[in-house]
Amino acid sequence: MSEHIRDRETKATLVQTLWNAIALNAEFYENALNTSRNRSIARAIVILAALSHMLGSAVILITNRASIPILGIALLIDGLAVVAGYYFWTATIWQLGQWLRSSQPTYRELLIPIGFAYAPQAFNFLTLIPLLGSPIEFVLALWSLLTVILAVRQGLDISLRWAGLICLVGWPLVQIALRSVQTFEQFLVQVTQ
């Protein structure tokens, strides 16, 4: 198979995966572990979410006249915070899931459906819209929370109530961490001006 055809299939698969994840397709999350390519696609979605978050932050930092070194440092921290939040939240969910069920997916397997659930974060670049940035960020965070709850419900085969409780343990911590990074970025810009 030529590389061009394989690239086109990968893009189609990524777009289809993003759509199914965003649409809260329960069957999609049920079958998340059934395809070997899903680990790469889940990782790509998380990276896309981090890049989208970085893009939104970049516009805000440039608007605030951040210097090039500060912009670079802030964006690196911003992207790493999104990726670290993904791994932390998955670890929290996996640990709590172990207490509830003895037979469950491994941590590595759980990274796949939760990675898919980061799909709404691909729209985080919309936070650059003046006056609507914070509300958009909040809606996307809630949407991601809902997708993660569905992913955990299907992935761990537990009730919706338990999935919600498990996901709500780590979600506020991830949100606080991301807000702290944004506050730190603004602080860096103010200190260097």
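Biologist: Which residues do ring pairs link into a cluster?

Modeller: Ring pairs join Y86, Y87, W89 and Y118 into a cluster, where rings of Phe, Tyr and Trp (its six-membered ring) pair if their centres lie within 6.5 Å. This is a predicted model, in which local features need pLDDT of at least 70, side-chain atom pairs count only at pLDDT 80 or more, and totals for chains, interfaces and linings use all residues. Residues are numbered from 1 along each chain as its sequence is written, and side-chain values use heavy atoms, with hydrogens and water left out.

Biologist: How many aromatic pairs does the structure hold, and why is the pair of F28 and F116 called tilted?

Modeller: The structure holds five aromatic pairs. The ring centres of F28 and F116 are 5.0 Å apart and their planes stand at 35 degrees; planes under 30 degrees apart count as stacked, over 60 as edge-to-face and the rest as tilted, so this pair is tilted. The pair links distant parts of the chain, with F28 in helix α2 (residues 26–30) and F116 in helix α5, 88 residues apart; helices here are DSSP runs of H or I with at least four residues, numbered from the N terminus.

Biologist: What makes F28 and F116 count as buried?

Modeller: Buried means under 20% relative accessible area, exposed over 50%, and partly exposed in between (1.4 Å probe, protein chains only). F28 has a relative accessible area of 15%, and is therefore buried, while F116 has 0% and is therefore buried as well.

Biologist: What makes the pair of W94 and Y107 edge-to-face?

Modeller: The rings of W94 and Y107 lie 6.0 Å centre to centre with 70 degrees between the planes, which gives an edge-to-face pair. W94 sits in helix α4 (residues 68–100) and Y107 in helix α5, 13 residues apart. W94, at 22% relative accessible area, is partly exposed, and Y107, at 23%, counts as partly exposed too.

Biologist: Why is A21 called buried, and which residues does A21 touch?

Modeller: A21, found in helix α1 (residues 3–22), has 0% relative accessibility and so counts as buried. Not counting residues up to four places away in sequence, A21 touches F28, Y29, F116, A119 and T147, contact meaning heavy atoms within 4.5 Å. A21 and A119 are 98 residues apart in sequence, yet 6.2 Å apart in space, C-alpha to C-alpha.

Biologist: How do you know that T127 is buried?

Modeller: T127 lies in the loop between α5 (107–117) and α6 (133–156), and its relative accessibility is 10%, so T127 counts as buried. The side chain of T127 reaches the backbone oxygen of N124 at 2.8 Å.

Key
Helices (H or I, at least four residues) and strands (E, at least two) are DSSP runs, numbered from the N terminus. A polar contact is a pair of N or O atoms within 3.5 Å; within protein, one must be able to donate a hydrogen and the other to accept it, and residues adjacent in sequence count only if both atoms are side-chain atoms.
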